[in-house]
Amino acid sequence: MKGMQAQLEKLRTHAAECALIRDLASDAKKRELFSRLADHLSVLAAEVERAIAEGVKSKG
């Protein structure tokens, strides 16, 4: 479970970094790309979080 939690934190960090790059980018294509990356990483983080929660439920 610790490994999944660590991966969750990495995904959240990367999503936040992509959002920051998006906000600082002056090129429209870069803004769109980093916006999509931030959104995708956020979805992945939510899925990992859900999997962790389900794992905790099944153990408890």
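Buried residues (under 20% relative accessible area, with exposed over 50% and partly exposed in between, 1.4 Å probe, protein chains only) make up 20% of the 60 residues in the chain. This is a predicted model, in which local features need pLDDT of at least 70, side-chain atom pairs count only at pLDDT 80 or more, and totals for chains, interfaces and linings use all residues. Residues are numbered from 1 along each chain as its sequence is written, and side-chain values use heavy atoms, with hydrogens and water left out.

**View 1**
Helices (H or I, at least four residues) and strands (E, at least two) are DSSP runs, numbered from the N terminus. The C-alpha trace spans about 50 × 15 × 10 Å along its principal axes.

**View 2. Helix α1 (residues 2-24) crosses helix α2 (residues 28-59) at roughly 160°.**
Their axes come within 8 Å; axes are lines fitted to C-alpha atoms, for helices over the stretch in contact, and angles run from 0 to 180 degrees between N-to-C directions. The two helices are therefore roughly antiparallel to each other, a label for angles over 145 degrees, while under 35 counts as roughly parallel, 65 to 115 as roughly perpendicular and the rest as oblique.

**View 3. Residue Q7 lies in helix α1.**
Q7 is partly exposed, its relative accessible area being 41%. Between Q7 and L33 there are 22 Å in space, C-alpha to C-alpha, and the two are 26 residues apart in sequence.
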